Amino acid sequence: MTDGAATADDPAGWKRLEPASLVINLLPDLWRTLLAGWPLLLALVMRGGVAELANLLVLAGVLASSLARTGIHFATLRYRYADGKLQIESGLFGRRHRVIDPARIQNLELVQNVFHRAFHLVELRVETAGETGRAGLLSALSVAEAEALRAALQRSAEATRAARATPTGEPPAELEEIERTGLVEVLGHGVTQARAGAAMVVYGLSQEILPTLYPAFYLRTLSRPGAGPILLLVFLSAGFVWSVVGSFVRHYGFVLSRTPVGLRTVAGLFTRRRVEVPAGKVQLVRIDASWLRRLMGYASLQIETAGSNALPGEDRVAEASVPMVPDALVPFTLDAVLPGYAASDAVPWRPAAPAARVRLMLEPAARWGALAWLFGRYVAPSLGLSGLAHAAPSAVTAVVFALAGALAGWADAQASAWKRTPTLLVVRQGFFSRVTVVLPRAKVQSVRIVQGPVQRVLGLWRVHVRVAGGRAISPELDEHDARALFRALGG
Amino acid sequence: MSAWQTLDPRVTWLWRAQGVLRSLFGLLPVWLGLGVGIGVAASPRVAVVSVLTLVTLSVVQSVVWPELAWRAFGYAVRPDALVVRQGVLWQHTVTIPRNRIQHVDLRQGPVERALGLGTLVVYTAAGLNADGSIPGLSTADAERLRDELIATAPHSDDGV
């Protein structure tokens with residue numbers, strides 16, 4: 001691989017995929033198309049199979065679209081390694097030109113499936129941090145070309161990293177245990193994870209579905225007075241049990257340790273998961289301390305790095321989590337994860353702007369009040385709950401709920417706060433579901449200051465701070481505080 | 001702070017064309033459906049007035065809004081960062097340190113190519129969406145800015 005050298009393909013050094021990519025890419029593309037269009041295929045089968053002319057035409061269309069995409073991909077994709085960077089161009093109507101700096105590459109993979117092996121080709125995958133998709137994907141290269149390209153990218157990345165390397169502190173000489181979670185704490189985590197909302201949804205659905213599917217059973221049992229609350233209690237209990245079992249299986253035997261190269265968590269009943277987080281790779285820590293968890297004197301930590309940690313089709317999950325940490329040990333544990341956190345304890349919390357606190361009270365008051373009024377006025381009578389509407393007129397219900405909303409908003413306003421130290425930004429929000437986000441300022445990828453139309457009237461701003469593993473959003477601040485925070489974070 | 005740069009004014013025509021097409025082919029069927037619904041529930045006259053009002057508002061928005069968006073949009077290339085501000089109602093200013101830039105895309109759709117325009121999309125390690133996107137650059141400006149942004153800052157750390 002020569003840096004930007006002229007090749008037989010193009011005097012500027014641009015190269016193309018091997019022609020065999022037409023074959024190699026066609027089948028996967030066809031498979032993806034069929035998967036995406038399975039309802040259509042199902043409809044075809046239900047209508048009488050593939051023998052009918054119309055159905056054959058549909059199938060021919062699917063095949064033609066795959067052929068067209070594969071052909072366009074082959075005809076329009078070109079790449080080159082020039083000026084120490086990988087450049088990829090593709091697209092027929094929307095032309096894309098991507099430049100990938102090797103120093104940003106997190107992972108380089110060479111993949112061969114059976115078709116690649118048949119043609120003596122290989123697929124080169126280039127991944128950069130924070131993307132679930134691949135920044136660069138060259139689906140059919142000769143083995144020699146792919147190896148040469150990979151070697152060139154790695155040489156360039158190594159040279160850049162060596163030039164940027166800075167001395168780091170001494171790592172611990174041996175394994176040092178920081179936190180061990182006992183059985184009772186793991187079960188407590190499950191109890192405090194339970195979502196009452198999910199149980200309510202299941203209960204609601206059962207009330208809709210059962211009378212239709214099993215009317216006799218419904219009339220015999222669940223329509224009796226008092227059966228509804230019992231069923232709701234059953235669903236709530238089932239939700240708690242499910243959550244507790246899930247926590248037990250996932251976090252059983254949890255241990256967090258410091259190793260000579262970083263952090264290690266070990267946990268799991270059936271699948272033992274050992275996560276190693278290299279030192280300095282922690283991007284963000286989220287502290288979940290719901291009211292129930294606070295009542296028990298615990299908090300839960302989610303540790304995020306830049307890795308995507310998700311297979312296709314899966315939700316992204318935290319790289320490592322500490323299920324339950326006693327309140328008193330949170331600063332100590334966090335200090336091990338993010339050195340310097342303990343010092344931030346001395347920095348006082350700064351509240352949201354006064355106008356923001358008023359807004360935090362008024363918004364839920366208006367929302368809860370309006371919803372309660374609409375329910376009492378329109379929904380309750382249609383459900384046959386006229387007795388309820390008679391006992392508590394919609395206006396009275398609305399006022400009660402508005403007051404409750406204002407109270408909840410007031411509690412949220414009291415909890416909304418932030419602080420920054422020379423190395424960290426800490427943002428806390430929510431009273432009932434309190435979440436505190438801690439991120440190292442050295443990891444900030446971008447910082448954004450945002451003002452909507454209502455905020456403009458009130459003179460409020462929010463600052464959004466993004467790191468590779470997530471983001472923190474400040475409470476609403478006045479202009480002075482928001483601008484100061486924005487500037488302090490590089491804005 | 002470097003001086004704020006504005007977009008190529010031709011981008012307003014691109015946005016207008018996109019807005020009108022979106023209104024006619026995307027929203028019009030929805031509104032016609034809404035009109036039928038209102039016609040059944042209220043009266044045909046109310047339905048016609050409602051739909052005509054919506055279509056008119058949409059076309060006006062497609063024509064006027066791009067000018068406001070163009071005025072609100074600006075970017076500045078500082079020695080240490082790219083700064084992009086945008087938004088008519090919701091105003092955003094985003095700062096992307098140059099040493100955090102992972103890669104840069106230059107995108108040109110068929111209409112953009114015909115107008116000699118391009119969209120520069122700047123990615124950091126922060127996630128799935130681009131952190132900074134600058135539409136409506138002339139092709140030459142876009143290529144110059146792309147080359148400038150991907151020039152590696154010495155002794156930088158990308159925070160990952």
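**Entry 1: a helix residue in chain A**

Is Ala395(A) buried, partly exposed or exposed? I looked this up before anything else, keeping in mind that the model is predicted. Ala395(A) turns out to be partly exposed, at a relative accessible area of 48%. I found this residue in helix α15 of chain A, which covers residues 394-415. I also looked at Arg377(A), which is 18 residues away along the chain from Ala395(A). Their C-alpha atoms are 8.6 Å apart.

Next I checked the confidence. Chain A has a mean pLDDT of 81, and 83% of its residues reach 70 or more.

I noted two stretches to handle with care. Over residues 2-8 of chain A, pLDDT stays under 50, and the model has 14 contacts beyond four places in sequence for them. Residues 309-316 of chain A also stay under 50, with eleven such contacts in the model.

I moved on to helix α1 of chain A (residues 21-36), where Asp29(A) sits. Asp29(A) is buried, because its relative accessible area is 10% and the cut-off for buried is under 20%. What does Asp29(A) touch, leaving out residues up to four places away in sequence? I listed Ser66(A), Arg69(A) and Thr70(A). With Ser66(A) there is a polar contact between the side chains, at 2.8 Å. Asp29(A) also belongs to a network of salt bridges together with Arg32(A) and Arg69(A). I jotted down the general idea here: side chains of opposite charge can pair when their charged atoms come close.

**Entry 2: salt bridges, one by one**

How many salt bridges does the structure hold over all chains? I read off 20, then picked some to follow.

Arg98(A) pairs with Asp105(B), and their closest N and O atoms are 3.0 Å apart. This pair joins two chains, because Arg98(A) lies in strand β4 of chain A (residues 95-100) and Asp105(B) in strand β4 of chain B (residues 101-108). Are the two partners buried or exposed? Arg98(A) counts as buried at 11% relative accessibility, and Asp105(B) counts as buried at 0%.

Arg71(B) is exposed, with a relative accessible area of 57%, whereas Glu67(B) is partly exposed at 26%.

Another chain B pair is Arg10(B) with Asp8(B), where the closest N and O atoms lie 2.8 Å apart. Here Arg10(B) is partly exposed, at 35%, and Asp8(B) is buried, at 16%.

**Entry 3: chain B as a whole**

I then stepped back to chain B. I counted off four helices and six strands, which follow the pattern α-α-β-β-β-β-α-β-β-α along the sequence. Of the 160 residues in chain B, 45% are buried. I also checked contacts between residues at least 6 apart in sequence: 49% of those in chain B join residues at least 24 apart. Chain B exposes about 7,900 Å², and carbon and sulfur atoms supply 66% of that area.

Which residues form a nonpolar patch on the surface of chain B? I wrote down Val59(B), Val60(B), Val63(B), Val64(B), Trp65(B), Leu68(B), Leu89(B) and Trp90(B). Together they have about 660 Å² of accessible area. One of them, Trp65(B), is found in helix α2 of chain B and is partly exposed, at 34%.

**Entry 4: a loop serine, to finish**

My last stop was Ser474(A), in the loop of chain A between β21 (470-473) and β22 (477-478). Is Ser474(A) buried or exposed? It is buried, with a relative accessible area of 2%. Not counting residues up to four places away in sequence, Ser474(A) touches Val427(A), Gln429(A), Arg462(A), Val463(A) and Leu485(A).

Definitions and conventions. Residues numbered from 1 in each chain as written. Chains lettered and ligands numbered in written order. Predicted model: local features only at pLDDT ≥ 70, side-chain atom pairs only at ≥ 80, totals over all residues. Heavy atoms only, no water. Salt bridge = Lys/Arg side-chain N within 4 Å of Asp/Glu carboxyl O. Buried < 20%, exposed > 50% of the residue type's maximum accessible area, 1.4 Å probe, protein only. Patch = residues over 30% accessible without salt bridge, like charges linked within 9 Å, V, L, I, M, F, W, Y side chains within 5 Å. Areas by Shrake-Rupley, 256 points an atom, 1.4 Å probe, with all protein chains shown as cover. Contact = heavy atoms within 4.5 Å. Polar contact = N/O pair within 3.5 Å; in protein donor to acceptor, adjacent residues only side chain to side chain. pLDDT = per-residue confidence, 0-100.
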